[in-house]
Amino acid sequence: MNPFLTSKVTELSRSRSIYLGFCAFMEVIIIMAMVSLLKDGKWSSALLGLLFLLGFARPIVREIIKQRDFKNAKEIASYFNGIPSESIKMSQINQKIRIADPIKQIERLLKKGYLTNIHLDWEKDLVVLMALGSSKRYVEISCPNCGAKTVILQGRVKNCEYCGSTLLGNKSE
Ligand SMILES: [Zn+2]
């Protein structure tokens, strides 16, 4: 298992393929019906057909977007899995991952819950990889003073980026 991929990233199931095949089949039927309606000059009926056309197109378009996200998530996760260090410069990633605007993609895929154990540190321009090696690992903590969330190397001390309080990296969640 890749530690950066979540269980949401799955292969297309058989039942889902059948459902999408059915939607595609309906699209063909509707287009054929619309063509004959237009030939007969029944414009309003043809327009109604357009609504059905869009209705059946929706799950197909959504699946295409989802599969593209899964592919990107897998590519990003496998790249991170092969890195021995625990953080990488954002600029370095832009060169290594052949996806348009990879940092934006990582942010998006994290929000969607497809990627995990990755923290984007915008201030330091770093991508921090959590839960990697056994000796050192990053933990997510909340500042006891202001509640801001941040990541810190286990056993280390640093100051809160927002209020300046001292933070201890000893709480693992
Ligand atoms: Zn704070």
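Predicted model: local features only at pLDDT ≥ 70, side-chain atom pairs only at ≥ 80, totals over all residues.
Helix α4 covers residues 102-111, and Pro102, Ile106 and Leu109 are buried in it. These three residues cover an arc of only 70 degrees around the axis, which puts them on the same side of α4. In general, an α-helix has 3.6 residues a turn, so residues three or four places apart point the same way. The face of α4 turned away from this buried side carries Lys104 and Lys111, both of which are exposed.

Glu107 is also found in helix α4. Since 15 other C-beta atoms lie within 10 Å of its own, Glu107 is classed as partly exposed. The C-alpha atom of Glu107 is separated by 9.3 Å from that of Ile118, although the two residues are 11 residues apart along the chain.

## The residues around α4

The backbone on either side of this helix includes residues with positive phi. Asp101, which has its place in the loop between α3 and α4, has a phi near 50 degrees, a positive value in a residue other than glycine. After α4 comes Gly113, whose phi is likewise positive and near 80 degrees. Asn117, found in the loop between α4 and β2, has a positive phi of about 60 degrees although it is not a glycine.

Is Asn117 buried or exposed? A residue counts as buried if 20 or more other C-beta atoms lie within 10 Å of its own, and as exposed if there are 12 or fewer. Asn117 has 20 other C-beta atoms within 10 Å and is therefore buried, whereas Asp101, with 11 other C-beta atoms within 10 Å, is exposed.

## How the helices pack

Two packed helices are described by the angle between their axes and the distance between the axes.

| Helix pair | Axes come within | Axes cross at roughly |
|---|---|---|
| α1 and α2 | 9 Å | 160 degrees |
| α2 and α4 | 11 Å | 110 degrees |

What is the orientation of α1 and α2 to each other? Helix α1, which spans residues 14-39, crosses α2 at roughly 160 degrees, and α1 and α2 are therefore roughly antiparallel to each other. Their crossing is left-handed. On the α1 side the contact is made by Leu20, Cys23, Ala24, Met26, Glu27, Ile30, Ile31, Ala33, Met34, Leu37 and Leu38, and on the α2 side by Ser45, Ala46, Gly49, Phe52, Leu53, Phe56, Ala57, Pro59, Ile60 and Glu63.

Arg16 is found in helix α1 as well, and with 14 C-beta neighbours inside 10 Å it counts as partly exposed. The C-alpha atoms of Arg16 and Glu63 are separated by 9.4 Å, while the two residues are 47 residues apart along the chain.

For the other pair, the axes of α2 and α4 cross at roughly 110 degrees, and α2 and α4 are therefore roughly perpendicular to each other. Here Asp69, Asn72, Ala73 and Ile76 in α2 meet Pro102, Gln105, Ile106 and Leu109 in α4. Among these α4 residues, Pro102, Ile106 and Leu109 are buried.

## The two domains

The domain assignment of the chain gives domain 1 (14-132) and domain 2 (133-173), and the C-alpha centres of domain 1 and domain 2 lie 34 Å apart. Ser91 has its place in helix α3 and, with 9 C-beta neighbours inside 10 Å, counts as exposed.

Leu167 lies in strand β7, which is formed by residues 166-168. With 22 C-beta neighbours inside 10 Å, Leu167 counts as buried. Which residues does Leu167 touch, not counting residues up to four places away in sequence? Leu167 touches Ile141, Cys143, Thr150, Ile152, Val157, Lys158, Asn159 and Cys160. Leu167 and Pro144 are 8.0 Å apart in space, C-alpha to C-alpha, and 23 residues apart in sequence.

How values were computed. Residues numbered from 1 in each chain as written. Domains from an automatic or database assignment. Helix = DSSP H or I, 4+ residues; strand = E, 2+ residues; numbered from the N terminus. Arc of directions from axis to C-beta. Axes fitted to C-alpha atoms, helices over the stretch in contact; angles between N-to-C directions. Parallel < 35°, antiparallel > 145°, perpendicular 65-115°, else oblique. Left-handed = near helix turned anticlockwise from the far one by under 90°. Contact = placed C-beta atoms within 7 Å.
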